[in-house]
Amino acid sequence: DCAGVVSSGSGPGITAPLRGSAYVMRGSQPERNVVPLAAHADADIGNLYWFVNDSFVGIGKPNVAVAWKPAQSGHYLVRVIDEHGRADARELVVTAAP
């Protein structure tokens with residue numbers, strides 16, 4: 001029934017993590033090993049759905065960060081999807097330090 005339906009407006013835009021940045025997990029400060037996930041969205045959007053790789057991370061509001069704690073260092077794909085199915089994605093590198 002949705003064939004031919006076009007959603008107006010623009011999709012969400014990730015504002016954190018910053019494009020091209022690397023985050024460092026510190027073994028000596030595990031409480032600080034949090035990556036903020038944030039995005040802007042059109043005014044009619046109430047919720048944003050966050051995924052890292054293929055795992056659901058949580059639901060957040062536009063312009064409000066959702067905290068994600070990576071389990072290990074590596075390369076990740078962060079995606080946000082709005083209530084209309086529009087999405088944004090970016091790659092993220094997490095490294096480990098003592």
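This is a predicted model: local features need pLDDT of at least 70, side-chain atom pairs count only at pLDDT 80 or more; totals for chains, interfaces and linings use all residues.
The ring of Y76 pairs up with that of W68: the centres sit 5.0 Å apart and the planes meet at 80 degrees, which is over the 60 needed to call the pair edge-to-face. W68 counts as buried too, at 11% relative accessibility.

In total, the count of aromatic pairs comes to two. The other one brings together F51 and F56, whose ring centres are 5.5 Å apart; with the planes at 65 degrees, this pair is edge-to-face as well. F51 comes out at 19% relative accessible area and so falls under the 20% cut-off for buried, whereas F56, at 49%, counts as partly exposed. F51 also has a charged neighbour: R79 lies over the face of its ring, 5.0 Å from the ring centre.

Zooming out, the chain has eight strands and zero helices, so the run of elements from the N terminus is simply β-β-β-β-β-β-β-β. Its C-alpha atoms fill a box of roughly 55 × 20 × 20 Å along the principal axes. Of the 98 residues, 33% are buried. Among contacts between residues at least 6 apart in sequence, 60% join residues at least 24 apart.

As for the surface, the chain exposes about 5900 Å², with carbon and sulfur atoms supplying 53% of that area. Charged side chains number 8 positive and 9 negative, and the centres of the two sets lie 11 Å apart.

Conventions: Residues are numbered from 1 along each chain as its sequence is written. Side-chain values use heavy atoms; hydrogens and water are left out. Helices (H or I, at least four residues) and strands (E, at least two) are DSSP runs, numbered from the N terminus. Buried means under 20% relative accessible area, exposed over 50%, partly exposed in between (1.4 Å probe, protein chains only). Contact means heavy atoms within 4.5 Å. Accessible areas come from the Shrake-Rupley method with a 1.4 Å probe; for residues, only the protein chains shown count as cover. Lys and Arg count as positive and Asp and Glu as negative; His and the chain ends are not counted. The place of a charge is taken as NZ of Lys, CZ of Arg, CG of Asp or CD of Glu. Rings of Phe, Tyr and Trp (its six-membered ring) pair if their centres lie within 6.5 Å; planes under 30 degrees apart count as stacked, over 60 as edge-to-face and the rest as tilted. A charge sits over a ring if NZ of Lys or CZ of Arg is within 6 Å of the ring centre and within 35 degrees of the ring normal.
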